[in-house]
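Open the model in your viewer and keep the selection panel at hand. The tour below goes stop by stop.

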Amino acid sequence: MSRLIIVANRLPVTVRAGEAGPRIEYSPGGLAVGLRGVHRPGESVWIGWPGEIPEGDANARAKLMNEIRGFGCKPVTLTADQVHDFYETVANELLWPVLHSRLDKIPLRLKGWEGFREVSALFARAVVETYRPGDLVWVHDYHLALVPQMVRELLPNARIGFFLHVPFPPEEVFRCIAEREELVTGLMGADLIGFHTPGYAANFQATARSLLRLEGGSAPFAWQGRRVRTGAFPMGVDTAVWTQRGAAAEVREMAATLHATNGCRRLVVGIDRLDYTKGIPRRLLAIEEMFERGLADPGETRMIQVSVPSREAVDAYQEIRRVTDELTGRINGLYSTVDNVPIHSLYRSLAADEVASLYLAADVMLVTPLRDGMNLVAKEFVATRVDGDGVLVLSEFAGAAAELREALLVNPYSTADVAATVARALAMPVHERRWRMERLRMRVGANDVKHWADSFLSELARAEAGYQQEVAALGTG
Ligand code: F6P
């Protein structure tokens with residue numbers, strides 16, 4: 001039986017160091033949550049980094065590894081130095097800002113490319129150890145951009161897909177990376193390269209054409225005796241699961257409690273990984289401007305901003321936390337009354353039911369990234385709103401904006417636009433809220449995560465690699 005081999009930096013579960021020793025948790029973030037719905041241990045194997053496995057006690061390590069294997073995973077363990085070079089430095093201090101068009105966030109000194117290559121090769125080797133003829137190999141995200149070509153060199157006939165979960169920027173931005181040819185060549189090892197939007201796919205095509213001097217006007221590209229296709233496959237969420245959560249009695253009760261504790265105040269909710277791409281400081285400034293201009297009453301409005309800790313070892317993430325805390329304090333200092341604090345800021349991750357109760361309680365959901373590959377929070381919010389109410393204010397620079405046209409779209413760089421749009425959302429009549437939400441729900445329901453995975457994988461299965469010959473040669477096809 002042919003299987004799906006998922007390869008991603010994160011596994012569906014991650015080991016975290018805790019005071020009472022290491023513990024295994026479900027990994028947060030769109031990629032891990034989304035692919036969990038696709039991964040079926042037995043039919044698929046998931047290769048990835050298991051997190052901070054403590055040095056020392058060999059028995060404890062072996063126990064953790066076995067537990068992780070129990071989730072249908074093959075862990076690729078990394079040393080602290082490898083995590084530093086691969087994940088913190090190259091992936092998150094270089095690739096992440098460039099792919100999000102934030103060249104200002106690249107540190108002046110950046111070393112670690114050798115380590116990045118070395119870890120990429122470890123992932124490729126893990127694929128080769130797992131692979132059986134006929135398997136589909138699906139590599140995910142920017143951390144593993146070199147892996148498709150490394151696997152191709154070792155398994156020339158494998159069907160390899162790659163999906164990028166973040167934006168692909170315009171060519172002139174991508175060109176700032178010193179190792180740009182190596183990265184594009186790495187991706188071209190795949191038979192199919194998927195992006196969230198047609199715009200990102202077009203940016204990649206233009207970049208590949210010019211960096212690799214490819215002939216021909218449009219993809220598929222002829223490359224090293226193969227055809228490499230590219231395409232847009234907008235990722236969805238597990239709509240059924242979020243719908244169930246939105247309908248669950250406990251979640252509805254939690255949402256009702258949230259309303260009760262907030263009195264008659266209107267709730268504006270933001271939930272993000274704390275990342276400089278998410279536009280949280282500008283969002284806070286927009287809320288301040290809304291109060292300043294008298295567009296909403298700070299005594300009757302409350303914003304709940306949940307910022308999930310992320311990549312805390314990276315300087316830019318420590319800086320964004322500081323800025324966010326300072327702004328929150330300043331705005332609350334200006335607009336709090338004895339019985340209301342307008343901005344409630346939580347710096348921690350929440351359980352899925354708590355997230356769902358916030359989605360359900362929100363009068364307005366604010367999703368205003370400066371740049372975001374897709375943004376699945378926007379889709380989770382819609383999927384959870386089984387009551388057909390609530391307004392989504394969405395950045396035009398999130399990939400999701402291409403699909404979620406009935407949201408109120410904003411330019412997140414314009415605090416004036418966001419302030420006025422949040423005020424409009426707060427005042428929106430119920431029939432308009434329902435009309436918009438109904439349409440959003442239809443689209444999010446039809447294009448769920450299963451639809452995304454099926455459409456990518458069926459396209460990949462058509463790949464013209466020599467896998468059929470390989471299978472036939474073994475007499476198993
Ligand atoms: O592609 C972006 C992404 O991988 C998302 O899937 C996820 O939300 C986030 O980054 C997770 O970041 P990290 O793995 O660094 O915690």
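Begin with Arg213. Its relative accessibility is 68%, so Arg213 counts as exposed, the cut-off being over 50%. Keep in mind that this is a predicted model. Now look at the backbone. Arg213 is not a glycine, yet its phi is positive, at about 50°. The residue sits in the loop between helix H8 (198–211) and strand E8 (221–223).

**Next: Arg229**

Select strand E9, residues 226–232, and pick out Arg229 within it. Is Arg229 buried or exposed? It counts as buried, because its relative accessibility is 16% and the limit is under 20%. Show the side chains here. Which residue does the side chain of Arg229 meet in a polar contact? The partner is the side chain of Glu459, at 3.0 Å.

**Next: Leu155**

Go to the loop between helix H5 (147–154) and strand E6 (159–163), where you will find Leu155. Leu155 has a relative accessible area of 14%, so it is buried. Display its surroundings. Leaving aside residues up to four places away in sequence, Leu155 touches Val128 and Tyr131. Then draw a distance from Leu155 to Leu366. The two are 211 residues apart along the chain, and their C-alpha atoms are separated by 45 Å.

**Next: the two domains**

Zoom out and colour by domain. The domain assignment gives domain 1 as 4–235 + 451–466 and domain 2 as 239–446. Their centres, taken over C-alpha atoms, are 30 Å apart. At the contact, domain 1 supplies 20 residues and domain 2 supplies 20 residues.

**Last stop: the interface**

How many residue pairs are in polar contact between domain 1 and domain 2? There are seven, both residues of each pair being at pLDDT 80 or more. Salt bridges across this interface number zero by the rule.

Finally, select helix H3, residues 80–99. With six residues, H3 gives the most to the side of domain 1 that touches domain 2. Colour that side by residue class. Its residues divide into nine nonpolar, seven polar and four charged.

Technical notes: Residues are numbered from 1 along each chain as its sequence is written. This is a predicted model: local features need pLDDT of at least 70, side-chain atom pairs count only at pLDDT 80 or more; totals for chains, interfaces and linings use all residues. Side-chain values use heavy atoms; hydrogens and water are left out. Domain bounds come from an automatic or database domain assignment. Contact means heavy atoms within 4.5 Å. A salt bridge is a side-chain nitrogen of Lys or Arg within 4 Å of a carboxyl oxygen of Asp or Glu. A polar contact is a pair of N or O atoms within 3.5 Å; within protein, one must be able to donate a hydrogen and the other to accept it, and residues adjacent in sequence count only if both atoms are side-chain atoms. Helices (H or I, at least four residues) and strands (E, at least two) are DSSP runs, numbered from the N terminus. Ala, Val, Leu, Ile, Met, Phe, Trp, Tyr, Cys and Pro count as nonpolar, Asp, Glu, Lys and Arg as charged, and the others, Gly among them, as polar. Buried means under 20% relative accessible area, exposed over 50%, partly exposed in between (1.4 Å probe, protein chains only).
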